[in-house]
Amino acid sequence: MRFDFKTRYEQDLRLFPHRTDLLGNGALLLCMLAAPLVLPQYFLGELTFLLVYGVAAIGLMLLSGFAGLISLGHAAFMGIGAYAHAILLEAGLPFALSLPLAGLIAGAIGMLLGIPALRMTGLYLAIATLAFSIIVEHVIGKWEGLTQGHGGMQVPEASLAGFDMGDIESFYYTALAILCLVVVGTANLLRSATGRALIALRDSEVAAQALGVNLPYAKAVAFSLSAGITGIAGGLFAHRIGWLEPGSFNVVLSLQLLMMVVVGGLGSLKGALLGVAFLGVLDPAIAILKDYLPSAIGGAAGLQLFLFGLVLVLFVLFEPLGLYGRWLKIKAYFDHFPMYRRATFQRTKTYMQSERYR
Amino acid sequence: MSLLAVENLAIRFGGVRAVDGVSFAVEPGQVYTIIGPNGAGKTTVFNLISRLFDSDNGTVTFDGRDITRERPHRIVRHGIARTFQNLELFDHATVLQNLLLGRHRHRTVKLLDEILFLPRVTRSEVAHREKAEEVIEFLELEAHRDSPVASLPYGVRKVVELGRALCAEPKLLLLDEPASGLNPEETENLAFWIDDMRSDLGLTILMVEHDLTLVNEVSEQVLVMNQGQALAEGSPAEVQKDPAVIAAYLGTDE
């Protein structure tokens, strides 16, 4: 068993409350830093994709997992970020300037989307964001003067502090650094007042308002930060794929992002990253599985989407807290060994809340 | 001067006059209770004061300021905190996080400071934590500090919601049926706390309550409402003798 002996309130504010957290995260970071030395090029490339998805998943987690605003259109923000970044690079801006600007542009558009979203929650918001992403896809396709339309657009080469972004190792480290910055910034936000306000927004808007949370402002913050982070992920994504087409940022990508945060566990940053890792394993696993299945099943179109959907449904049914929830249970088992009780994680029924306020 | 003055307040939902020209005044340091049969409009009065609804008519004055058309999230900054009849807690957050959200009106740091977690953020967080701990001690919530609200029994949740309102350090506390769903022992605790909040914390309390034992014990002034209108006002003993009140609760002989 582990006991917490805390003597100062600052201890509760730490990013890593326990020494074991620090060790675990440090070890993970070391592994990530050492990966390019051991991994072959192909796997390193795949891992870079996961880092980029990680940034986007953190962005979506902030909006959907913490503020409780479900978005089915986050691919649009990746698209906006990717195109903005590529166009700015084309215009001669350096990487170090164009990537944050791409994030800002996506964030500003996210804030605009947040305004109609102030009056919508749940399913309605999901549909509105879905519509938004389809509109963005079409605008990118038709605005040929800026985006070269459906013909596609070459992502210009770029370098950061002398490192060529075309080189997979340099790019890997750049993406890793940005992911770390995004994770730390988001974690900081979540352990202070604004982060709590987002959680308040998710659980009860009336109470949040009664305690002084400015709902329109808080939602605008959630939308713009989320869109901004996702836009930065889009900028990185652009370098990784090298060639931009409107179709790269379609609904399937949005669904994949949403799946990452749901499977990982809504309401935790670690969950977002776990979800990304899970999908990173699932995707190639399905590709390998195809070879071993009878051709009628293995070759069927949509097998991958079917399995994605199946996994999502199974998670929602059996582990609504996602992989992170499972991890918490395993951790609690060892923390409290041999006194672990299953009931720890069983919640008493939710009492009726007054529906009339919503 | 009264701390809270409600003048001729009215709202209608479709054809229903939920609140129909109610006036009353709460003096500083008072425990003022609104009672009345179901559907009398008691909670609606609360929702009008805390600006969940726009009133059709009338004014609400708090501490000398007209707050009839104040924006809802600014009400708590004037010094009015409230609880809800059916609990509006942040279920998936811990008790401590709920209480710290009660401190939201006292927030001083900026968004960018928070993202960078500058030392001033740490300082303000620790200051808020100290205030929250005072409330935890006052309401004896120590054992539940880190539990998620969703895992707590109803009685404790009620106390957490009271604590969250106290964390805002209000001048006026609106309690919407604080004793509903509590057992006699918990209700007795609540009576002590209400007394302490008034005498030690200097709070003024406006509450809606059905439990007349509690009302008799803690309240000085009672307003009886029926069908959106004020029926009687006075001390608990006075209003319970009022023939109009008895008629509203029990019906008449005719």
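Predicted model: local features only at pLDDT ≥ 70, side-chain atom pairs only at ≥ 80, totals over all residues.

Reader: How many residues of β3(B) are buried, and what follows for the strand?
Author: A residue counts as buried if 20 or more other C-beta atoms lie within 10 Å of its own. Strand β3(B) is therefore largely enclosed by the rest of the structure, the number of its residues that are buried being five of the five.

Reader: In what order do the strands of the six-stranded open sheet of chain B run?
Author: The pairing in this sheet is mixed. Neighbouring strands are turned against each other by 20° on average, direction ignored. The order is β6-β7-β8-β3-β9-β10.

Reader: Which strands stand at the edges of that sheet?
Author: An edge strand has a single partner strand, so one side of it is left without a neighbour in the sheet. The two strands to which this applies are β6 (80-82) and β10 (229-234) of chain B.

Reader: Which residues stand opposite Ile34(B) in β8(B) and in β9(B)?
Author: Strand β3(B), residues 31-35, runs parallel to β8(B), residues 204-208, and four bridges join them. Strands β3(B) and β9(B) also pair in the parallel sense, over four bridges. The residue opposite Ile34(B) in β8(B) is Val208(B), and its bridge partner in β9(B) is Leu223(B).

Reader: Which residue in the hairpin of β9(B) and β10(B) takes a positive phi?
Author: This hairpin has two residues between its strands. The positive phi is near 45° and belongs to Gln227(B).

Reader: Is β9(B) largely enclosed or open, and on what count does that rest?
Author: Strand β9(B) has six residues, of which five are buried. The strand is therefore largely enclosed by the rest of the structure.

Reader: What angle does α1(B) make with β7(B), and what angle with β2(B)?
Author: Helix α1(B) packs on the six-stranded sheet, touching β3, β6, β7 (172-176), β8 and β9 (221-226) of chain B. The helix, residues 42-49, also lies across β1 (4-13), β2 and β4 of chain B. Its direction makes about 145° with that of β7(B), and with β2(B) the angle is about 70°.

Reader: Which residue stands opposite Thr61(B) in β5(B)?
Author: A four-stranded open sheet of chain B has the order β2-β1-β4-β5 and antiparallel pairing. Its edge strands, β2 (16-26) and β5 (65-66) of chain B, each pair on one side only. Strands β4(B), residues 57-62, and β5(B) pair over two bridges. Opposite Thr61(B) stands Asp66(B).

Reader: Which element gives the largest share of the side of chain A that touches chain B?
Author: In the contact between the chains, 34 residues of chain A meet 40 residues of chain B. Elements of chain A that give two or more residues to this side include α1 (10-13), α8 (168-190) and α9 (193-203). By class, the side of chain A has 17 nonpolar, 13 polar and four charged residues. The largest share, seven residues, comes from α9(A).

Reader: How are α9(A) and α3(B) oriented to each other?
Author: The axes of α9(A) and α3(B), residues 95-102, come within 10 Å and cross at roughly 105°. Angles of 65 to 115 degrees count as roughly perpendicular. The two helices are therefore roughly perpendicular to each other.

Reader: Which residues make the contact of α9(A) with α3(B)?
Author: By class, this contact has four nonpolar, one polar and one charged residues. From α9(A) come Arg196(A), Ile199(A) and Ala200(A), and from α3(B) come Gln97(B), Leu100(B) and Leu101(B).

Reader: How far apart are the end C-alpha atoms of α8(A)?
Author: Helix α8(A) has 23 residues, among them the buried Phe171(A) and Leu189(A). At 1.5 Å a residue, the helix should span 33 Å. The computed separation agrees with this, being 32 Å.

How values were computed
Residues numbered from 1 in each chain as written. Chains lettered and ligands numbered in written order. Contact = placed C-beta atoms within 7 Å. Nonpolar A, V, L, I, M, F, W, Y, C, P; charged D, E, K, R; others polar. Pairing = 2+ DSSP bridges. Axes fitted to C-alpha atoms, helices over the stretch in contact; angles between N-to-C directions. Parallel < 35°, antiparallel > 145°, perpendicular 65-115°, else oblique. Buried ≥ 20, exposed ≤ 12 C-beta atoms within 10 Å, placed from the backbone. Expected span 1.5 Å × (residues − 1).
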